[in-house]
Every structure is written in C-alpha cells, then in structure tokens.
Amino acid sequence: PEVALERVRKQIGRVPSSGALHFLLGQVHQARAEMRPAEEAYLKAIELEPRLTGPYLQLGQLYAREGRYEPALAKLEAALAVNPRNVGTLMLIGVTHQRRGDTARAREAFEKILADHPRFAPAANNLAWILAEQGGDEDRALQLAQLAKELAPDDGAASDTLGWILYR
C-alpha cells in the first residue's frame, strides 16, 4: 500500500490535471481505510474530469456506507447523468434507496434496470424481495426470484429470496 500510494502521488506530480490519477489516488486511500483522503481525491477527480463516472460511484458507495444517503444519491444521480445506461449506477441507486427505506424509489430503479436488462439477476432478486415484502404482485415476485436463482445459482441472496417467497 505504501508503494502504491507513493507511485500514484509521483504520477500526479507529473500530470496534476489528470482526473484518472486522482481517482486512482482515492482508490488507494480507500483500500488503506483512509476515507477522508479518499473522498478528497474523488472530489478532485470530478473537478478535473467531470465525465469520469468512477469517482461519483465510489463517493456514492462511501457516503452510503456512512449512512449519508442524500449525498450518496446526489453523487449516484450525477454519475447517471454522465452515463444514463450504467447498470451498476442504477443498481447502487436502487440499493441505496432500499437501505434508507424508500422502497418505492428502489423499486423504480430495479424496474428501470429490468426494462433494459431483463436477465440481470441482482435487480430481479431485489425487486422480487420488495414485491414479496411490500404486498406487491406475488406471482411476479416468484417469477423474478426464480429467474434470479436460475441466473445466479450459487448466490446466497437469490436462494434466500426464493426460499422466503416459497415459504410465504
């Protein structure tokens, strides 16, 4: 980790205007569990190269882990503005809404993913769980859970969701 940090800093010294290098610096700090310097590096990367989606996503995840859902969602929405079809960004938005208890917005995000990618197991699984828990369409919940299990047979979350729906 020390060598990586020094190498990235050296490269930034050579090309200080590189958003990609500041993003990499943030990742190194994050791997070292240095969250404040990671946040600063990601923000600098966005300042230098606002079209990079990686720093937005990392900030969104970092903020969500800290329970700071509003700033997390703001960064994830900014990433979506840069790349509206990014499945990973949509998934993070859905999961963040789900964590903060806004199942309607989470459901909306997962539905949007499945409209473009009908065989995306994580979105199918999460939407199945929401439908089962929120009194939605039970048949659709079961279909989605079965699809998630078919697509990701070794995923414990898919097994858990399908088992729970079958139990209910």
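A: Happy to! A crossing is called left-handed if the near helix is turned anticlockwise from the far one by less than a right angle, and right-handed if clockwise. With that in hand, and keeping in mind that this is a predicted model, let's start with helix H1 (residues 2-14) and helix H2 (residues 19-31), whose axes come within 10 Å and cross at roughly 160°. Angles over 145 degrees count as roughly antiparallel, so H1 is roughly antiparallel to H2. As for handedness, H1 passes H2 in a left-handed crossing.

Now for the residues that meet there. H1 brings Ala4, Leu5, Val8, Arg9, Gln11 and Ile12, while H2 brings Leu21, His22, Leu24, Leu25, Val28 and His29. By type, the residues of this contact are eight nonpolar, three polar and one charged.

Next, the cores. The largest nonpolar core has 42 residues, and the members touching the most others are Phe110, Ile113 and Leu144. At least two residues of this core come from each of H3 (35-48), H4 (54-65), H5 (69-82), H6 (87-99), H7 (103-116), H8 (121-133), H9 (138-151) and H10 (156-167). H8 gives the largest share, seven residues. Leaving aside residues up to four places away in sequence, Leu144 touches Leu114, Ala124, Leu127, Ala128 and Leu131.

Back to where we began: a second, separate core has seven residues, among them Leu5, Val8, Leu21 and Leu25. Leu5 and Val8 also belong to the H1 side of the helix contact, and Leu21 and Leu25 to the H2 side.

Key:
Residues numbered from 1 in each chain as written. Predicted model: local features only at pLDDT ≥ 70, side-chain atom pairs only at ≥ 80, totals over all residues. Heavy atoms only, no water. Core = buried A, V, L, I, M, F, W, Y, C linked by side-chain atoms within 4.5 Å. Buried < 20%, exposed > 50% of the residue type's maximum accessible area, 1.4 Å probe, protein only. Helix = DSSP H or I, 4+ residues; strand = E, 2+ residues; numbered from the N terminus. Contact = heavy atoms within 4.5 Å. Axes fitted to C-alpha atoms, helices over the stretch in contact; angles between N-to-C directions. Parallel < 35°, antiparallel > 145°, perpendicular 65-115°, else oblique. Nonpolar A, V, L, I, M, F, W, Y, C, P; charged D, E, K, R; others polar.
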